[in-house]
Amino acid sequence: MPKCLLTGDRSGRFPLTTAQMVRLRDLAAEFCTVADRSLPEIAPGPGALLVLTHERMSQLGAAAKRTLRLWVESGTILYLRGGVESGEQFSLDPFSPHRVRLFRERPAVGYRIARHPMVPRVLRDERAEGKFRLPGADTKAAAIEPVVMARHTDGVERPAIFTIRWGEGVAIYDLHHDDDPSDLPIAGRLADPSFLEANLGP
């Protein structure tokens, strides 16, 4: 049974940065090409990772979302990345009734990594100042647990990566784009504050 299911569309596009990290960790993985409104036929199972784009998540039908909620409730980790543009709204369904809008601007002056239990201890409270282009969600939904907070040029902190716990599992919402991963080696990306926050989610 694969520990990671990376779902792509029929053109063969998959979440690239996540696929690189999966290969680095040598996880048992399967690349699944599925129809737009469907989920992989293989149930990931407790402790497994299911990777979707936000765009694909938004296309799922009601029955598929109920199945996904049951998978996460039973212990699957859902990781969502890419596919949301600045100013757009997206739904947290089926894990919350809220809709979230991405902040219209991406220029940021810093970020911080939260003391979240899924973050390695060595990275908790890590902060960086500088010029960044970071996504951020305008939301105060109580169910959200921030992982990375972007501080935009208006001085407001907004979550760029956050989680929602559901039953035995968790849904991870990463608002970064995934279309053009850096050519830098992964170790370099994780060591450089300019690239760390965009690679932390995967």
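## A strand with two partners

Strand β7 (residues 107–113) pairs with strand β8 (residues 127–133) in the antiparallel sense, over five bridges. Strands here are DSSP runs of E with at least two residues, helices are runs of H or I with at least four, and both are numbered from the N terminus. Two strands pair if DSSP finds at least two bridges between them. Within this pairing, Gly110 stands opposite Glu129 in β8.

β7 also pairs with strand β10 (residues 145–152), again in the antiparallel sense and over five bridges. Here Ala108 has His152 of β10 as its bridge partner.

## About the model

This is a predicted model: local features need pLDDT of at least 70, side-chain atom pairs count only at pLDDT 80 or more, and totals for chains, interfaces and linings use all residues. Residues are numbered from 1 along each chain as its sequence is written, and side-chain values use heavy atoms, with hydrogens and water left out.

## The overall picture

The protein has five helices and 12 strands. Its C-alpha atoms fill a box of roughly 45 × 35 × 30 Å along the principal axes. A compact globule of 202 residues would have a radius of gyration near 17 Å, and the 16 Å of this protein agrees with that. The radius is taken over C-alpha atoms, and the globule rule is 2.2 Å times the number of residues to the power 0.38.

Buried residues make up 47% of the 202 residues. Buried means under 20% relative accessible area, exposed means over 50%, and partly exposed lies in between (1.4 Å probe, protein chains only). Of the contacts between residues at least 6 apart in sequence, 61% join residues at least 24 apart; a contact means heavy atoms within 4.5 Å.

## Helix α3 and its two sides

Helix α3 (residues 62–73) has 12 residues and reaches 16 Å from its first C-alpha to its last, close to the 16 Å expected at 1.5 Å a residue. That expected span is 1.5 Å times one less than the number of residues.

Which residues of α3 are buried? They are Ala64, Lys65, Leu68, Trp71 and Val72. Seen down the axis of α3, these residues fall within an arc of 115°, so they line one face of the helix; the arc is that of the directions from the helix axis to the C-beta atoms. The face turned away from the buried side carries the exposed residues Ala62 and Leu70. Cover for the buried residues comes from elements including β3 (49–53), α2 (54–59), β4 (77–81), β11 (157–166) and β12 (169–174).

In soluble globular proteins, nonpolar side chains tend to be buried together. The largest nonpolar core here has 28 residues, and Leu52, Leu68, Leu78, Phe90, Phe95 and Tyr173 touch the most other members. Such a core is a set of buried Ala, Val, Leu, Ile, Met, Phe, Trp, Tyr and Cys residues joined through side-chain atoms within 4.5 Å. Two or more residues come from each of β3, α3, β4, β6 (99–102), β11 and β12, and α3 gives the most, with four. Apart from this core lies another, of 23 residues, among them Ala19, Val51, Ala108 and Leu123.

Leaving aside neighbours within four places in sequence, Leu78 is in contact with Leu50, Leu52, Met57, Leu68, Val72, Phe95, Val170, Ala171 and Ile172.

## Strand β12, enclosed

Six of the six residues of β12 are buried, so this strand is largely enclosed by the rest of the structure. Both faces are covered, with Gly169, Ala171 and Tyr173 on one side and Val170, Ile172 and Asp174 on the other.

β12 pairs with β4 in the parallel sense over five bridges, where Arg81 has Asp174 as its bridge partner. β12 also pairs with β11, in the antiparallel sense over six bridges, and Thr163 stands opposite Ile172. The hairpin of β11 and β12 has two residues between the strands, and Gly167 takes a positive phi near 60° there.

Three strands form an open, antiparallel sheet in the order β5-β6-β9. β5 (89–91) and β9 (137–138) stand at the edges with a single partner strand each, so one side of each is left without a neighbour in the sheet. Two bridges join β6 to β9, and Leu102 stands opposite Ala137 in β9.
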